[in-house]
Amino acid sequence: MTDQENPANRIIGRFGGQSALAGLIGKRQSTVQHWAKTGRIPSQWHERLLDLAHEQGIPLEANDFVSDSAPMIDSPEGTLGVLLVGLGAVSSTFIAGVEHIRRGTGRPVGSITQTATIRLGKRSENRSPLIRDFVPLAGLDQLVFGAWDPMPDNAYEAAVKCGVLDRHEQIEPIADFLKSIEPMPAVFDQDYVKRIDGANTKTAATKYDHVDAIREDIRQFKAANGCDRLVMAWCASTEKFITEDDSHQDLESFIGALKDSAETIAPSMIYAYAALMEGVPFVNGAPNLAVDIPVLEKLAMETGVPVCGKDFKTGQTLVKTVIGPMLKARMLGLDGWFSTNILGNRDGEVLDEPENFKTKEESKLGALEYILQPEMYPDLYANAYHKVRINYYPPRGDNKEGWDSIDLFGWLGKRMQLKINFLCSDSILAAPLVLDLVLFMDLAKRAGMAGIQEWLSFYFKSPQHSPDVHPEHDLFIQQTKMKNTLRWLMRADQITHLGMEYYKEGQIDPTGDTNGKSTLAEEDRELEPHLA
């Protein structure tokens with residue numbers, strides 16, 4: 001990495017070198033050496049260094065902490081192993097879908113990586129390639145699948161029991177393939193998921209030993225399938241609500257808690273830690289505390305492994321992150337938003353347990369407050385009442401139904417209402433998200449993008465983010481951030497949607513004919529590039 005590509009080295013040099021900067025900040029030189037080696041100064045130091053630069057008369061701005069050039073991306077060639085924690089409705093639907101697409105008997109509807117385009121340059125240039133043609137993603141034929149589950153059912157049996165796919169048209173034609181995917185014994189503790197029991201589980205003396213067992217599974221799967229790279233995704237049930245504590249702060253405390261089999265170490269953390277130690281990117285598709293604890297976020301940076309989460313954004317919250325920004329954009333007030341759901345799959349059964357529902361509730365409640373910013377617009381949103389309910393109703397199976405009753409007000413305080421009834425299949429909406437996240441996380445790993453991948457917030461109800469910033473929940477800002485990150489990776493110009501160049505003198509016919517170009521109002525969207 002050259003100095004031009006290494007912003008840490010440039011900044012260190014302005015302060016007189018590693019030794020001088022270490023003295024100024026009161027840290028050992030090894031800390032600054034680590035910054036130089038990784039090319040990144042942690043965000044918690046940015047404000048301190050900006051203040052120091054101001055005091056010392058050193059020119060330094062916030063954008064100096066960001067590399068001028070995108071990283072080099074390793075080739076996507078080779079076999080990509082997909083390790084799924086949980087082989088239930090989401091995982092079996094995802095695996096079956098990929099196989100149908102590979103055989104030409106299904107379409108990847110809902111997958112951004114497979115069907116979406118990305119605009120390059122000016123609108124007048126009409127350059128919008130498919131994302132999969134623009135960035136070097138692994139192909140679907142390169143994927144091989146493995147899974148853990150406390151239930152002994154293979155992918156075929158799981159797909160049949162879950163009832164998401166049509167058995168005769170979508171399961172039986174690929175039965176042999178699905179039957180070949182047998183779940184490995186899972187690290188499972190019923191204390192975290194009380195409504196589930198299973199015999200296909202690991203036994204070990206301590207949770208630390210469970211980590212070793214998962215790491216061995218990872219190595220054996222990689223060797224047996226000839227994998228060049230791996231990605232792990234938590235597609236299992238929501239664990240009970242736990243809060244961050246001292247055992248989650250540093251590696252010594254975390255390992256000690258593992259060896260003591262402490263209650264603060266959930267099974268999802270065991271999988272996440274094992275993945276990071278094996279250099280495998282980790283995706284948390286559930287709302288439980290997992291890789292989003294300080295010790296694992298730091299470990300992800302140190303090991304160069306991408307992580308992201310949490311809680312796949314599929315149904316009601318997906319709608320909420322569209323309607324919420326609409327209300328705020330038009331400065332319409334909100335009195336209350338009542339949301340209720342019925343679903344009958346394993347997820348619904350697990351969430352019928354109060355401890356597990358609290359984990360989900362925290363995830364589903366957070367988005368709206370961040371979007372509306374009641375502290376900034378108290379007259380419109382400070383008194384808004386927000387309630388979320390989830391009801392287990394077995395007859396519906398995976399077919400979730402969500403109702404939203406929204407009480408809003410407009411001009412002169414006039415009260416109005418908006419009603420939404422969303423009937424959807426949870427796993428059908430989640431499956432393409434798993435595919436996209438697997439491919440994008442593999443891309444991030446090959447591009448050397450370690451740590452939290454906030455640019456993938458688009459896929460989550462409760463996006464994992466730096467502690468220095470609030471999470472971004474607006475679906476369309478998330479989409480812009482994701483696409484601008486892809487443009488940055490490929491050294492393409494950012495799209496700001498300003499578009500003033502279309503309306504300079506000589507660009508518009510005096511008669512008002514814009515030669516097919518849209519009006520300025522259509523360009524007046526969010527102006528920030530949303531890369532950071």
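Biologist: What makes Ala 223 and Ala 224 of α11 exposed?
Modeller: This is a predicted model. Exposed requires over 50% relative accessible area. Ala 223 and Ala 224 count as exposed, and they sit on the face of α11 turned away from its buried side.

Biologist: Which residues of α11 are buried?
Modeller: Lys 207, His 210, Val 211, Ile 214, Arg 215, Asp 217, Ile 218 and Phe 221. They cover an arc of only 155° around the axis, so they lie on the same side of α11.

Biologist: What do the buried residues of α11 pack against?
Modeller: Strands β1 (80-85), β2 (143-148) and β3 (229-234), plus helices α12 (251-259) and α13 (267-277).

Biologist: How do you know that the span of α11 agrees with its number of residues?
Modeller: At 1.5 Å a residue, its 18 residues, 207-224, should span 26 Å. The end C-alpha atoms are 26 Å apart, so the two agree.

Biologist: Why is Asp 189 called partly exposed?
Modeller: Its relative accessibility is 29%. Asp 189 belongs to the loop between α10 (175-179) and α11.

Biologist: Why is α2 called roughly perpendicular to α4?
Modeller: The axes of α2 (residues 18-25) and α4 (residues 46-56) cross at roughly 100° and come within 11 Å. Roughly perpendicular covers 65 to 115 degrees, so α2 qualifies against α4.

Biologist: Which residues of α2 and α4 meet?
Modeller: Leu 21, Leu 24 and Ile 25 in α2 meet Arg 48, Leu 49, Leu 52 and Gln 56 in α4. By class, that contact has 5 nonpolar, 1 polar and 1 charged residues.

Notes
Residues numbered from 1 in each chain as written. Predicted model: local features only at pLDDT ≥ 70, side-chain atom pairs only at ≥ 80, totals over all residues. Heavy atoms only, no water. Axes fitted to C-alpha atoms, helices over the stretch in contact; angles between N-to-C directions. Helix = DSSP H or I, 4+ residues; strand = E, 2+ residues; numbered from the N terminus. Parallel < 35°, antiparallel > 145°, perpendicular 65-115°, else oblique. Contact = heavy atoms within 4.5 Å. Nonpolar A, V, L, I, M, F, W, Y, C, P; charged D, E, K, R; others polar. Expected span 1.5 Å × (residues − 1). Buried < 20%, exposed > 50% of the residue type's maximum accessible area, 1.4 Å probe, protein only. Arc of directions from axis to C-beta.
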